[in-house]
Amino acid sequence: MLKVNADPSGTTPAATGSGRVARPETCDSPDQADPGDNALDGVVAGSTSSPASVSILPVVRARSDEQEPDSARRSDVDEWGRSEQMRSLVRRIYDPVYRYWFRVEWEGLEKIPLHGGALLIANHAGAIPSDAPAIMHGIEEELGRPVYGMADYFFRTIPVVGTMWSRTGGVPAHPDNAYRLLHDQQQLALVFPEGTKATSKTYSDRYRLRRFGRGGFVEIAMKAGVPVVPIAVVGAEESMPILFRIGFLARALKLPYFPVTANALLMGPAGYFTYFPVKIKLRVLDPVTFDVEPGLERYSRSRVMDEAENIRATMQDNLHDMLRERRSVWFG
Amino acid sequence: MGRRVLITGLDTFWGGRMAQALEAEDDMEMILGLGANEPLVPLERTEFVRSDQKYSILSRIVRATQVDTIVHTFLETNSVNIPARVLHEINVIGTLNLLAAAGSAGSSVRQVVIKSSTHIYGAAETDPAWFREEDSRQSPVRTRVERSIIEVEALVKDFAYDNPHLVVSVLRFANVLGTDIITPITYDLRRRLLPCIAGFDPLVQFIEEDDVVRALEYVTNHRIPGIFNVAGAGKLPWSEVASIGGAFLLPLPPIRPRAFVAPLRRLGIVQFPPEMEGVVRYGRGVDTTRLVECGFDYRYTSAGAVESFARANNLRRATGTGEPMYRYEQDVEQFFRHSPAVVRSLES
């Protein structure tokens with residue numbers, strides 16, 4: 001395994017608070033909030049000293065004078081709902097799974113930037129995808145950078161799961177959210193451009209990349225002026241393969257799809273919580289930068305589609321390449 | 001010549017506070033407050049006119065007083081204890097009449113400031129984490145407060161379109177917390193029982209009541225046109241609101257929580273109006289960059305607003321209800337404002 005940072009600073013909450021990217025080590029300063037809040041925070045912090053702030057409050061109470069510079073955060077839950085404490089707890093629990101169950105192996109991890117925003121994209125697979133946690137865990141452990149996993153709104157609607165998802169770094173995949181993460185806060189955001197089309201596909205379609213949405217991820221990266229870093233994942237397809245889907249159950253339960261997995265056939269309901277012990281291999285491809293001016297309102301549709309298609313083709317080639325090299329599903 | 005300002009809803013929390021704030025301004029020639037009832041706060045020189053939202057009297061008042069600024073604070077954004085029809089009358093018909101009076105031919109009005117609410121965005125799972133002013137809501141309108149605010153803003157938009165020479169500002173405020181204001185959230189926090197939806201812990205924003213008044217005043221004084229989100233910086237989880245406020249969380253079932261809480265609402269144990277359900281489930285965030293870029297500085301962040309409320313609440317718990325209620329006496333107020341016996345050194 002590639003070790004970029006000997007001391008993964010993502011393990012303690014205090015360290016990860018400052019581990020937020022592009023922030024100097026000023027954790028104790030009042031503006032512990034995210035970089036995106038800086039505009040506001042600066043103003044709030046400066047308000048008491050600023051002579052321009054006219055005090056025209058009703059004279060009933062005199063308490064505005066003793067106002068301290070105010071931080072936007074009280075606990076370690078950030079404005080996206082991510083809690084570094086929760087995240088490190090989950091990392092501790094998930095680490096054995098990552099290390100001994102999936103035996104995750106990275107290739108080209110150094111291509112993920114250590115500073116600045118980047119949009120990570122990956123192929124998606126498994127009825128309940130096993131790739132997202134592996135990628136997030138890997139990058140956070142090895143590089144000490146938080147990764148925000150962007151996923152379907154659907155997660156938000158499930159009680160407990162939605163909250164846990166949010167606390168452990170999940171963010172609803174809305175273009176505005178992605179832009180704010182990437183541009184304003186210079187974070188790493190992970191998206192799966194195929195969406196549920198990939199996770200709902202049956203085993204017979206494995207490793208065939210679905211359509212990359214409408215190329216929205218390229219447009220966001222262009223607008224935010226950040227590179228797209230594609231990651232090819234091999235193994236997740238076999239960790240929870242879908243044999244077939246039951247349409248009416250999905251409609252009745254208001255789920256995006258209702259999969260019948262090989263795991264469920266072997267283990268019953270427990271199969272929905274148990275992955276096969278496949279070997280997961282991840283290959284980080286060369287970052288793609290776009291030679292366009294960032295911050296525009298919109299970009300040429302054909303350009304966006306072309307770039308998305310190029311990235312998709314490269315990922316597909318790399319997947320085939322990795323599969324050619326693979327001798328065993330279980331041992332890689 | 002100084003400014004002449006008309007404030008609606010003088011008998012409500014915001015109208016009273018806004019009048020107090022404007023009274024402290026030097027160039028304020030005249031402040032006139034409309035209200036269905038007597039003002040709740042002591043006022044120095046604000047003239048009070050008892051009126052409802054009737055059009056005829058509004059246009060007469062505007063014409064007779066030659067006001068140049070209208071501050072419309074009287075929008076009800078809390079459906080607790082208000083029948084649907086009254087809510088509609090106050091919000092939509094009231095605004096309709098007010099704008100008609102302001103926009104009539106030869107009107108002296110040059111600026112209209114509207115106090116709206118971020119309820120206009122709704123709250124749904126498909127929402128962005130931060131709504132900008134130009135974003136439209138993502139979910140269908142389900143509650144009457146939201147519907148009436150949408151109607152009001154549509155009226156304001158038409159008004160601004162028809163009267164391009166006027167400065168029209170709309171401020172959309174997040175949920176308010178503060179020392180004095182009573183909202184469903186403060187009601188619940190004061191009673192130490194805050195409803196939540198089991199399994200959900202959304203991120204919410206608040207604005208402190210002083211910042212509300214300051215924002216209204218800022219926009220009024222600087223004559224800044226446009227729509228602005230107003231909310232404290234940052235967000236905090238709903239559970240943290242309860243813990244800072246010293247309240248217990250009352251988990252409601254995720255399916256039909258309002259049916260479950262209805263008996264408790266009847267008994268007055270909690271308040272949980274329909275427009276809060278989405279907020280308590282999915283939270284809501286608004287992007288406040290625009291107003292900050294116009295130079296407004298907030299005193300409180302969202303979390304700061306909760307803490308400020310909690311401190312006031314601690315004091316209230318320790319000392320009881322405290323200050324005696326102010327009572328408006330028509331004769332006394334008229335005497336101080338208009339009797340020749342009173343020496344008015346300030347105004348000469």
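Author: Let's begin with one pair of residues: B:His72 stands opposite B:Ile114, and B:Ile114 belongs to strand 5 of chain B. Keep in mind that you are looking at a predicted model. The strand that partners strand 5 here is strand 4 of chain B, residues 69-72; the two run parallel and are joined by four bridges. As background, strands of a sheet pair through backbone hydrogen bonds, either parallel or antiparallel.

How does the chain get from strand 4 of chain B to strand 5 of chain B? It goes by way of helix 3 of chain B, residues 84-102, and the three elements together make a right-handed β-α-β unit.

Now turn to another partner of strand 5 of chain B. Strand 6 of chain B, residues 167-173, pairs with strand 5 in the parallel sense, over seven bridges. To find this pairing on your screen, look for B:Gln111, which stands opposite B:Val167 in strand 6 of chain B.

Is strand 5 of chain B mostly covered or mostly open? It is mostly covered, as seven of its seven residues, 111-117, are buried.

Let's step back to the whole of chain B. It contains 12 helices and 13 strands. Its radius of gyration is 20 Å, close to the 20 Å that the globule rule gives for 348 residues, so chain B is as compact as a globular protein of that length. The C-alpha trace of chain B spans about 65 × 50 × 40 Å along its principal axes. Of the 348 residues in chain B, 49% are buried. Among contacts in chain B with a separation of 6 or more, 80% are between residues 24 or more positions apart.

Seven strands of chain A form an open sheet with mixed pairing, in the order 1-9-6-2-5-3-4. Strand 1 (105-107) and strand 4 (170-172) of chain A stand at the edges with a single partner strand each, so one side of each has no neighbour in the sheet. From one strand to the next, the twist averages 25 degrees.

Inside that sheet, strand 2 (residues 118-122) and strand 5 (residues 188-191) of chain A pair in the parallel sense over four bridges. Here A:Leu120 stands opposite A:Leu190. A:Leu120 also touches A:Leu188, A:Ala189, A:Val229 and A:Ile231, among others, not counting residues up to four places away in sequence. In the largest nonpolar core, which has 160 residues, A:Leu120 is one of those that touch the most other members, along with A:Leu119, A:Ala189, A:Leu190 and A:Ile231. In soluble globular proteins, nonpolar side chains tend to be buried together. Finally, look for helix 8 (residues 216-224) of chain A, which lies across strand 2, strand 5 and strand 6 (228-234) of chain A and runs at about 165 degrees to strand 2.

Note on methods:
Residues are numbered from 1 along each chain as its sequence is written. Chains are lettered from A and ligands numbered from 1 in the order in which they are written. This is a predicted model: local features need pLDDT of at least 70, side-chain atom pairs count only at pLDDT 80 or more; totals for chains, interfaces and linings use all residues. Two strands pair if DSSP finds at least two bridges between them. Axes are lines fitted to C-alpha atoms, for helices over the stretch in contact, and angles run from 0 to 180 degrees between N-to-C directions. Two residues are in contact if their C-beta atoms, placed from the backbone, lie within 7 Å. A nonpolar core is a set of buried Ala, Val, Leu, Ile, Met, Phe, Trp, Tyr and Cys residues joined through C-beta atoms within 7 Å. A residue is buried if 20 or more other C-beta atoms lie within 10 Å of its own, exposed if 12 or fewer, and partly exposed in between; C-beta atoms are placed from the backbone. A crossover is right-handed if, with the strands pointing away from the viewer, the path from the first strand over the helix to the second runs clockwise. The radius of gyration is taken over C-alpha atoms; the globule rule is 2.2 Å times the number of residues to the power 0.38.
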